[in-house]
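Please read it alongside the sequence and the structure shown here.

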Amino acid sequence: EDLSPLVRQYRDYYVPVAKLKEALIDDQLLSSSQKKLIAKAMSSRADIDLIRLDASKVDAAVREEEIRLYYEGNKDNFKLEPRYSLAYAFMPLKASEADIAATNSFADSIYTKLTKGVPVDSLLVSMKSSAPLATWKESGFLKVDEIDPKLYSAFTLMKSGDYMPPVRQENGVAIHRLDQLTKSLISFSTLYLPYVPGKETIAADRPRAVQNARLLRGVGYQTAAVELDLDFDTKLDIKPGERWLDAGFVTPEAELPANIQKGFVPEPVFNPARSAWLLIEVTDSRLERYMPLSEVRDRIYNELVEQNRRQFALKDAKDWLRSSDAASGNISSLPQATKISLSSQSLERLDDPCLSSDILLDAMLRQLRKEAPQPYLKGDIVVIPLIRSMKSDPGIKVDPGRLREYFKSSLPGDWFNGWMEEQIRKAKVSIFIEL
């Protein structure tokens, strides 16, 4: 898998943006007044009434319409792995007389090199580009009566390690090497060079392949199989990008994922390993597949119940904070709520698991700014920290690095996007989209 686009995006976008965010925090966002305020909160202790409301115990109904809207609005959460199927056939192309003559001449030159002692391995390496389909095969030990009599007769005139002059065959040319010959057994190796169409032959035949692809596009593979006398095979449930034919061979539809729809016939491509044109018709496309609502209804229902419970619990908490009960700490009107009193709480000392440093810091900052308290959601628990008193503790040292981290954690998740939008407004930038 080629990861270079991902690496390039990470290098050219994510790393610079991350560096810019850090610079903005120091240069523009974290002002001296904010540093003083956070430092004061960090070096203070607070006596707190901590009210906890368990959202999991709040009643929350979910209507069928909510389930349907959630499904339609979050369909990507229910997407199935894309698949497609196709029919394919190979349209053979034979080597021309010129191609055969060229291969025979090439075999003669290889034979000359072998007789001069050039190792087979080095020749095979050098032939990867000029003759990629050349093969080297060892026969193993065979009985002499199992091989062609004429070939055996030629071997009897050779010594072990000798090469036989190129032998022309129907589909290629072979160069044999005698490895060992005993009374009844023989072992030899063969370098085989198949006759394959050259570039000129392939180019000259392309119009025929294109015309047949056009016919396939017009009548479908079943009719095309009869008209062109081709045998079509089918390949089912292919993953987009999958090398389904031969290792290393990219089929044409894989290079055009946006076009993979039922009936799509890409332009034919020549497959050298099979010495044939590859014709393809996509017979089924399920690239946009989703789990049906009936299968995910219970899952959506449970998510919505949990979501609604938290929203209802937050609403109850906000309503309570606006009521007269908040001043006295009376929680009788808050269903499923509990209250505990915590003393001398600091960002370094948190005596209840529902009270995190982020929650306490925000509550302290609101207290210092004389803002009204607010509820916080931690898992299924709605937390309301009511600060009854707060005083500075000279024994608590403020670490600048931790102060910066506290400030950073207090920023909203989309603060950078908001900052960018503000800069665009200030610069009076107009964004045009060409239709």
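Ala 18 counts as partly exposed because its relative accessibility is 38%, where partly exposed is the range between buried, under 20% relative accessible area, and exposed, over 50%, computed with a 1.4 Å probe on protein chains only. The model is predicted, and for that reason local features need pLDDT of at least 70 and side-chain atom pairs count only at pLDDT 80 or more, while totals for chains, interfaces and linings use all residues. Residues are numbered from 1 along each chain as its sequence is written, and side-chain values use heavy atoms, with hydrogens and water left out.

**Position of Ala 18**

- Ala 18 belongs to helix α1, which covers residues 4-29; helices (H or I, at least four residues) and strands (E, at least two) are DSSP runs, numbered from the N terminus.
- From Ala 18 to Arg 208 the C-alpha to C-alpha distance is 55 Å, and the two residues are 190 positions apart in sequence.

**Salt bridges**

- The whole structure contains 28 salt bridges, each defined as a side-chain nitrogen of Lys or Arg within 4 Å of a carboxyl oxygen of Asp or Glu.
- In general, side chains of opposite charge can pair when their charged atoms come close.
- One of these bridges joins the side chains of Arg 297 and Glu 64, with an N to O distance of 2.2 Å. Arg 297 lies in helix α9 (residues 293-321) and Glu 64 in helix α3 (residues 64-73), so the pair ties together parts that are 233 residues apart in sequence.
- Both partners are partly exposed, Arg 297 at 27% relative accessibility and Glu 64 with a relative accessible area of 47%.
- Glu 348 and Arg 402 also form a salt bridge, their closest N and O atoms being 3.1 Å apart. This pair links distant parts of the chain, since Glu 348 is in the loop between β11 (337-345) and α11 (357-368) while Arg 402 is in helix α12 (residues 400-410), 54 residues apart.
- Glu 348 is exposed, with a relative accessible area of 53%, whereas Arg 402 is partly exposed at 40%.
- Glu 81 is bridged to Arg 83, with 3.3 Å between the closest N and O atoms; Glu 81 is partly exposed at 45% relative accessibility, but Arg 83 is buried, with a relative accessible area of 16%.
- A network of salt bridges links Glu 22, Arg 404 and Lys 408.

**Positive phi angles**

- Ser 344, although not a glycine, has a positive phi of about 55°; Ser 344 is found in strand β11 and is partly exposed, with a relative accessible area of 27%.
- Lys 370, again not a glycine, has a positive phi of about 60°. Lys 370 sits in the loop between α11 and β12 (376-378) and is exposed, with a relative accessible area of 77%.

**Ser 44 and its surroundings**

- Ser 44 lies in strand β1 (residues 44-54) and counts as buried, at 2% relative accessibility.
- A polar atom of the Ser 44 side chain is 2.5 Å from the backbone oxygen of Lys 40.
- Beyond its neighbours within four places in sequence, Ser 44 is in contact (heavy atoms within 4.5 Å) with several residues, among them Gln 345, Ser 346, Met 364, Met 390 and Ile 396.

Conventions. Polar contact = N/O pair within 3.5 Å; in protein donor to acceptor, adjacent residues only side chain to side chain.
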